[in-house]
Amino acid sequence: MELYTPVLVLAAIAAAFAILSVIMSAGVGPRRYNRAKLDSYECGIEPTPQPVGGGRFPIKYFIVAMMFIIFDIEIVFLYPWAVQFDALKAFGLVEMVLFIATVFVAFAYVWRRGGLDWD
């Protein structure tokens, strides 16, 4: 149990800091509310009324989200490869070039099809 004591102390300090920060911001922060602050913010664009059940997102939103996930997964694979680059030698280099080429072909396809254009 004594091995976990520093971890538990650090977790307790982090939790106390988070709770104390929320309490302090609510207690010390200004309370000057107006209509603009209470209104929803949409990147500087005037908010548009939405149906009761919520509006539909355009499909391009989901395409960009999937592209982000693909490149995020690519980065997850690049870090361990970079760390073990010397040990993997030519085999690791060839495999990573094939992996990056595959991802690049998918990116080029989406780009050619206009999946990244916001009209």
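Which residues form one aromatic cluster? Phe-71, Phe-107 and Trp-111 do, in what is a predicted model. The legends below start with the whole chain and then turn to single sites.

**Figure 1. Overview of the predicted model, a protein with four helices and zero strands.** From the N terminus on, the order of elements is α-α-α-α. Of the 119 residues, 8% are buried. The accessible surface of the protein amounts to about 10900 Å², and carbon and sulfur atoms contribute 72% of that surface. Among contacts with a separation of 6 or more, 55% join residues 24 or more positions apart.

**Figure 2. The aromatic cluster of Phe-71, Phe-107 and Trp-111.** Within this group, Phe-107 and Trp-111 form a tilted aromatic pair, with ring centres 5.6 Å apart and 50° between the planes. The two residues are about one helical turn apart because they lie four residues from each other in helix α4 (residues 85–112). Phe-107 has a relative accessible area of 22% and so counts as partly exposed. Trp-111, at 55%, is exposed.

**Figure 3. The aromatic pair of Trp-81 and Phe-85.** The structure holds four aromatic pairs. Phe-85 is partly exposed, its relative accessible area being 35%.

**Figure 4. Glu-74, a buried residue without a salt bridge.** Glu-74 is located in helix α3. The nearest side chain of opposite charge belongs to Arg-112, at a distance of 19 Å. A salt bridge would need a side-chain nitrogen of Lys or Arg within 4 Å of a carboxyl oxygen. What does Glu-74 contact, once its neighbours within four places in sequence are left aside? The contacts are with Phe-99, Ile-100 and Val-103.

**Figure 5. A nonpolar patch on the surface.** The patch is made up of Phe-57, Ile-59, Tyr-61, Phe-62, Met-66 and Trp-118. Together these residues have about 720 Å² of accessible area. One of them, Ile-59, sits in helix α3, which covers residues 59–83. Is Ile-59 buried or exposed? The relative accessibility of Ile-59 is 59%, so this residue counts as exposed, the cut-off for exposed being over 50%.

Key
Residues are numbered from 1 along each chain as its sequence is written. This is a predicted model: local features need pLDDT of at least 70, side-chain atom pairs count only at pLDDT 80 or more; totals for chains, interfaces and linings use all residues. Side-chain values use heavy atoms; hydrogens and water are left out. Patches are made of residues with over 30% relative accessible area and no salt bridge: like charges are joined within 9 Å, nonpolar side chains (Val, Leu, Ile, Met, Phe, Trp, Tyr) within 5 Å. Accessible areas come from the Shrake-Rupley method with a 1.4 Å probe; for residues, only the protein chains shown count as cover. Buried means under 20% relative accessible area, exposed over 50%, partly exposed in between (1.4 Å probe, protein chains only). Rings of Phe, Tyr and Trp (its six-membered ring) pair if their centres lie within 6.5 Å; planes under 30 degrees apart count as stacked, over 60 as edge-to-face and the rest as tilted. Lys and Arg count as positive and Asp and Glu as negative; His and the chain ends are not counted. Contact means heavy atoms within 4.5 Å.
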